Amino acid sequence: MTKTRIGILGYGNLGRGVELACRQNDDLELTALFTRRDPAQLKPLTEGVAVYAADDLAAHAGDIDVLILCGGSANDLPEQTPAYAGLFNVVDSFDTHANIPAHFANVDAAAQAGGKVAVISAGWDPGMFSLARLYASSVLPEGRDYTFWGRGVSQGHSDAIRRIDGVADARQYTVPVPAALDAVRNGENPELTTRQKHTRECFVVAKEGADQAAIEKAIVEMPNYFADYDTTVTFISQEELDRDHAGIPHGGSVIRSGATGENGEHTHVIEYSLKLDSNPEFTGSVLVACARAAHRLSQEGAVGCKTLFDIPPAYLSAESDENLRAHLL
């Protein structure tokens with residue numbers, strides 16, 4: 001069996017999640033890690049995996065079938081994905097929903113020019129939840145979509161807080177409003193604003209001497225992340241953060257409430273939910289499945305930027321078409 005050779009850029013929580021996912025898939029081989037830190041400081045879990053400086057990526061273009069980008073959506077991926085999509089087949093987890101069309105255009109231009117395949121916004125939302133919304137709205141065209149996240153730690157939002165001047169560390173929890181969730185599950189089809197569906201809880205470790213009022217203002221007014229939500233900011237010590245917020249759980253639900261019948265007299269509720277013990281490990285698992293698909297598409301001559309909407313479901317699986325039909329259909 002010829003294995004898909006995987007490279008990882010960035011060895012934080014998500015990068016380690018991708019590494020663990022590669023170890024569970026016999027058709028994938030983790031070939032190299034690339035880091036902006038000192039490569040000598042990284043000790044991969046996988047024996048024999050080489051570690052290189054991120055600046056050396058271009059020199060390894062022939063050694064990797066798919067490069068999985070594990071940076072943050074706030075600052076890293078908008079630059080990294082277009083930069084590398086012309087050299088490698090790439091997969092990223094860009095999750096700033098409002099900016100996906102612009103990110104797609106930038107990445108597509110690079111991938112088309114380089115003759116490569118780039119899969120963006122892979123993960124669970126955007127990603128698996130996006131597919132759930134598409135399938136449900138296609139089946140129930142007369143209806144309404146609702147998405148609830150949490151209660152759980154958002155890696156992207158936590159990373160965005162850590163980028164604020166004066167912040168040493170942070171965790172951000174997204175929390176559904178219980179009354180809103182119950183109303184949707186009951187088929188009431190409520191009109192809900194962004195603020196009515198979720199709240200955001202931020203636990204922040206400030207650097208010594210940092211202006212906490214300025215940090216709080218930067219958080220609650222941050223567009224695309226916190227400005228549209230009721231957000232609480234609690235400053236705690238590093239010891240409290242390490243003790244009480246070490247895990248990275250998450251989850252949520254996509255719900256489609258719709259009606260059928262001559263006069264819409266029959267109501268239906270479709271719900272797809274996730275309960276994740278480790279957000280980065282689950283996200284990493286989605287990324288490696290998309291890496292498998294990206295390699296297959298590339299081998300068939302496809303080029304350009306793709307999302308999960310563009311990938312045949314069977315391309316995500318290591319199983320043969322025959323096995324899929326026999327056991328999953």
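You're looking at a predicted model, where local features need pLDDT of at least 70 and side-chain atom pairs count only at pLDDT 80 or more, while totals for chains, interfaces and linings use all residues. Residues are numbered from 1 along each chain as its sequence is written, and side-chain values use heavy atoms, with hydrogens and water left out.

**Stop one: Phe34**

Select residues 28-35, which is strand β2, and pick out Phe34 in it. Buried or exposed, then, is Phe34? Its relative accessibility is 1%, so it counts as buried (buried is under 20% relative accessible area, exposed over 50%, partly exposed in between, with a 1.4 Å probe and protein chains only).

Now show what Phe34 touches, skipping residues up to four places away in sequence: among them are Ile8, Leu9, Tyr52, Leu57, His60 and Leu67 (contact means heavy atoms within 4.5 Å).

**Stop two: the β7-β12-β13 sheet**

Next, select the open sheet of 3 strands, ordered β7-β12-β13 with antiparallel pairing (strands pair if DSSP finds at least two bridges between them). β7 (143-149) and β13 (266-276) are the edges; each has a single partner strand, so one side of each lacks a neighbour in the sheet.

Zoom in on β7 and β12 (residues 250-260), which pair antiparallel over 7 bridges. Click Arg144 and you'll find Ser257 of β12 opposite.

Note on methods. Helix = DSSP H or I, 4+ residues; strand = E, 2+ residues; numbered from the N terminus.
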